[in-house]
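Here are my notes for a colleague who is opening this entry for the first time. Please keep the structure on screen while reading.

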Amino acid sequence: MQITRTQRALAHITLTVSILLIVFPVVFALVTSTHSFQESFSFPPKFHVGSHLLDNYRAAWERVHMGRLLFNSTLISVAVAAGKIVLSILAAFAFTYFGEFRGKATLFILILITHMLPLPIRIVPTFELVEDFGWMNTYYALTIPFFASATGTLLFRQFFLTVPNDLADAARMDGAGPMKFLWKVLVPLSKTNMLALFMIEFIYMWNQYLWPLIVTQSNDMRVVQIGLKMLLAGEEQAAEWNVIMAGTILAMLPPLIILLILQGSFVKGFAMRQEK
Amino acid sequence: MAEIRLEQVNKRFKKHWVVRDFTLTVADREFVVLVGPSGCGKSTTLRMIAGLEEVTSGEISIAGRVVNQVPPKDRDIAMVFQSYALYPHMNVYKNMAFGLMNRGVPKDEINQRVKRAAEILGISDLLHRRPAQLSGGQRQRVAMGRAIVRDPQAFLFDEPLSNLDAKLRVQMRAELAKLHERLQSTIVYVTHDQIEAMTLAHRIVVMKDGKIMQVGRPLEVYERPANRFVAGFIGSPSMNFLNVRIAREGEDLWVDGQSFRLKIPRHRASAYRDHVDREVIFGIRPEDIKERTRDDLPEGVEPLRAEVDVREPIGSEVIVTAAVGGHSFTARVSPSMQVRVHEPIDLAVNMNKMHLFEPETGTALNGD
Amino acid sequence: MESRFPNRLLPYLLVLPSLVVVLVFLIVPSIQSFYLSLFRVSPFGNVLIFKGLRNFVTLLGDPAYLNSLIRSFFFTGFIVVVGLSVSLGLAVLANLPLAGVDIYRTALIWPFALSPAVAGTIWALLVDPSTGPITYLVERATGMRINWMTNGDLALLIVTAAATWKMLGYNVIFFLAGLQNVPKELLEAAHMDGAGTFQRFWKVTFPLLSPTTFFLFIMNSLYGFFEVFGLIDVMTQGGPGKATDILVYKLYEDGFVNFRTGYASAQSIVLFVFVAILTILQFRFAGRKVFYR
């Protein structure tokens, strides 16, 4: 699109200023995580980079067993993202390559309905159910209830619908059964979509707070997000922001890295199709 | 190589009959083309032979074995798809090898077969490319290569050339003919393009609404169409159809269109005696109506004066749409002829090539 | 849709894993929520006293709940209106053919990766009454030192701002994708027809973007109602004086701190009504003009 030079300059300025404003909180958090306690406690606040970065991260790491929390968060996020991908690919495959089997519409709606039932709507009974299963304070409770994915099922179904039908026919002529076709043809073709879904679901799971809060009690089963609260709650008097921010940076780094790596596939594989 | 037999084959989707009473035997090493407008059931027939669709009733056998219950992979036939259906994530080699791998063919043999097929098709230097890096013509070759490596009893082609541009299509058509000569295999080929059908086929099967209209050698179908549909479908521009009566005058029969009269040659006339004074459809191909260049016309060629409506020069000739009375028809005249719109034109109709059809059923009147 | 593979049983087996998870962890518990909302449940869950719809009557007459409702609507409304407007503006700018536009885009979308709890922690730092830079700026500008820990309305404004900030990245991603889906020829045609920059935006781009906008409206509403628990828990725990006690937080407190299971379930059902309304809206609009293509 044609734009004038003034418009161009205005756009640059607006974008730069907005981005500075959006980035500021995180930059300030990062800076604070390098300060000594005195520096972080000064008013007016200091914006220089301090020299206590390692001390603060070590303190945060030790204070709330950050290593364990990061491990737990990584484990459940990878497991849930992978579980959602596998389950939704299988379901989407069923909905696209087997014609109008009996009950198909009902099954499809049942899976889509996940969208309508966020955790708060069913939190008490789900909690009790997990308790009855004896899953309290286990990885099962933190992963399995999240395995179904309406988003994923829709995403893969939509993608499969764009794959030419001839490909399945060719595979049949080539002697490949449905599972082989899925594994050897559809799965490799779905790479972009799988990466996109992995990114979304990893971040989604990493950022879960309420459910891990109620189904875990022991410190070795807690996740990073709860770790933040533990860091904050330890502060009865003046907050030790330098240490808290070190913990915060650790908590936000993994999803941020995944986002930056997979951003491309996410936009191509997911965001561009979402509105259909 | 093998014979393919279809016996009273029917196919129904929901309540709709897509293929009805299809009976045909494709001889060993024969090249048979199924041709017809879209929706005539030709592709469905092909897919039933492939095993991709179940038959509703009837029997299909390949090399003497009834295959109704045999899944596609065990029918020992290969298929080339309209969209080529190449696996986008596999290179050319893997695309061709996939079917062999699934059948547990040893690696060395796969390698050998793929290399040989690639050689035949002239794609040896493309083996490591992906489909996206190939031109349309190259993809087409890979699709054929995938079929050839299987060394099947028969090949099925589903409109394999329709995604190519016109020039490439002509070239690939010639190559296909050569390939068949080389492979000496049974081929069933589906197309809507009658030129492909005419140039490639040993026999043509013309279909409409799920039924066979006519089976015959290309020239047979062109020269002696069994009915009005086949007459109109084969040949381009298509045959002219005019509503006329058969009139008798002494010993001679005439085609009488009120505003014009054309004498039926003696040797044809005997076949139509029973139809005197009846309404019939007179069919004549545009190539059998030429400009009239001299006064004395040879035996069986009749003069006709009409008014020009449209003039379409295509270089080698001029396609003229002309009218006489209420009848409109097309003729192919020489470009050297002066043709002006809205002016009369003198034409010569080769009545030796005329056709007559029953108006209700469209069946050709042969009298015999 | 035609069947490409003739297997009869296989499709059911393929759907089965998803179906089991959906039934066991989503559908059955949701139905139980309805059931429990009709009872008073003793703290240890062993005694159920049928109360009919009285939980709902109590709920809607409870000033604390009404307060929570109003606060939630402000919270979510702000996220939707302000968040979507700002993100759309930024996305439009970042969709212009500018030098370094890829850097701008990346710099705009990364907040998507932040969790509500992280956002809450960082904003707590920004507005810390004794050391926060925002506190400092406000004091420089107005001479007043704000204390969001004691001023309820301020606290609500700040948690809302934090929640909106966190969602900007997500919104920008989808707006950018939507903008890239707008066919260039249409804009060029409008240009030929003499439409100026703003007209082109309002008459062509914006209507074509409506599916994206609507999708984001739904997602932001769900976010505002359901996903911000961590942010509240980290920043204010619903305080000061219930000023930030939005619906999810109150639900959590009643269900898991005060153990009023039936009462909490009634609140779940009210939330379900909100989701149902959003879903119906989505279906209604999805069939109509939101989908231009």
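This is a predicted model: local features need pLDDT of at least 70, side-chain atom pairs count only at pLDDT 80 or more; totals for chains, interfaces and linings use all residues.

The numbered points below go from a chain interface to annotated spans and then to two single residues.

1. Extent of the contact between chain A and chain C. Chain A brings 108 residues to this contact, and chain C brings 98 residues. The buried area comes to about 9,300 Å². Carbon and sulfur atoms supply 77% of that area.

2. How many salt bridges does the rule find between chain A and chain C? The number is 2. R4(C) and D169(A) form a salt bridge through their side chains, with 2.7 Å from N to O. Residue pairs in polar contact between chain A and chain C number 21, with both partners at pLDDT 80 or more.

3. Sorted by class, the side of chain A touching chain C holds 75 nonpolar residues, 22 polar residues and 11 charged residues.

4. The label "transmembrane region" comes from UniProt, in an unreviewed entry. Residues 9-31 of chain A are 100% helix and 0% strand, and their end C-alpha atoms are 30 Å apart. For residues 75-98 of chain A, the figures are 96% helix and 0% strand, with 34 Å between the end C-alpha atoms.

5. A119(C). This residue sits in helix α5 of chain C, residues 116-126. Is A119(C) buried or exposed? A119(C) counts as buried because its relative accessibility is 0%. Leaving aside residues up to four places away in sequence, A119(C) touches A162(C), W165(C), K166(C) and L231(C). One of these, K166(C), is 47 residues away along the chain, yet the two C-alpha atoms are separated by 6.3 Å.

6. R141(B). Turn now to chain B, where R141(B) belongs to helix α4, residues 136-148. Why does R141(B) count as buried? Its relative accessibility is 15%, and the cut-off for buried is under 20%. Which residues does R141(B) touch, not counting those up to four places away in sequence? They are L121(B), I123(B), Q171(B), M172(B) and E175(B).

Conventions:
Residues are numbered from 1 along each chain as its sequence is written. Chains are lettered from A and ligands numbered from 1 in the order in which they are written. Side-chain values use heavy atoms; hydrogens and water are left out. Contact means heavy atoms within 4.5 Å. Buried area is the accessible area (1.4 Å probe) that two parts lose on being put together, summed over both. A salt bridge is a side-chain nitrogen of Lys or Arg within 4 Å of a carboxyl oxygen of Asp or Glu. A polar contact is a pair of N or O atoms within 3.5 Å; within protein, one must be able to donate a hydrogen and the other to accept it, and residues adjacent in sequence count only if both atoms are side-chain atoms. Ala, Val, Leu, Ile, Met, Phe, Trp, Tyr, Cys and Pro count as nonpolar, Asp, Glu, Lys and Arg as charged, and the others, Gly among them, as polar. UniProt positions are given in the numbering used here, feature names are shortened, and annotations may be inferred rather than shown by experiment. Helices (H or I, at least four residues) and strands (E, at least two) are DSSP runs, numbered from the N terminus. Buried means under 20% relative accessible area, exposed over 50%, partly exposed in between (1.4 Å probe, protein chains only).
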